[in-house]
Amino acid sequence: MWGYPHGLHCNDLIRGTDLPNHLREIHEIRGKESARAECRWNHCGREFNMGSLCEHVEEMHMGIAYSCDCGSKFSRRDTLSNHKKNCSG
């Protein structure tokens with residue numbers, strides 16, 4: 001859960017590709033792709049550029065995996081896309 005001061009947490013349900021919009025609209029994390037932002041999920045504290053923050057949260061905190069028809073699984077959507085270019089499955 002995304003942490004706030006005084007121990008408060010965000011309990012919103014996030015589905016599919018809603019995470020970037022959720023972080024922007026609810027948590028006001030905005031800026032250029034190269035802007036830096038801190039991950040506040042359970043006080044993680046790691047810092048990322050805006051694009052990598054969503055990938056980090058999906059992979060490390062939400063446990064989202066992307067699957068290919070061949071059975072291979074990937075933690076990132078772009079890695080799956082690259083895999084599919086050469087996959088016969």
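**Notebook: salt bridges in the predicted model**

I began with Arg 24, which at a relative accessible area of 36% is partly exposed, a class lying between buried (under 20% relative accessible area) and exposed (over 50%), with a 1.4 Å probe and protein chains only. I note that this is a predicted model, in which local features need pLDDT of at least 70 and side-chain atom pairs count only at pLDDT 80 or more, while totals for chains, interfaces and linings use all residues. Residues are numbered from 1 along each chain as its sequence is written, and side-chain values use heavy atoms, with hydrogens and water left out.

I then looked up the salt bridges, taken as a side-chain nitrogen of Lys or Arg within 4 Å of a carboxyl oxygen of Asp or Glu, and the count came to six. Arg 24 pairs with Glu 25, their closest N and O atoms being 3.8 Å apart, and Glu 25 is partly exposed at 44%. I found Arg 24 and Glu 25 linked with Arg 30 in a network of salt bridges.

Next I took Glu 58 and Arg 77, whose side chains meet in a salt bridge at 3.9 Å, N to O. Because Glu 58 lies in helix α2 and Arg 77 in helix α3, this pair ties together parts 19 residues apart in sequence; helices here are DSSP runs of H or I with at least four residues, numbered from the N terminus. Glu 58 is buried at 6% relative accessible area, whereas Arg 77 is partly exposed at 40%.

Last, I recorded a salt bridge between Arg 76 and Glu 55 at 3.7 Å, N to O.

Conventions. Helices (H or I, at least four residues) and strands (E, at least two) are DSSP runs, numbered from the N terminus.
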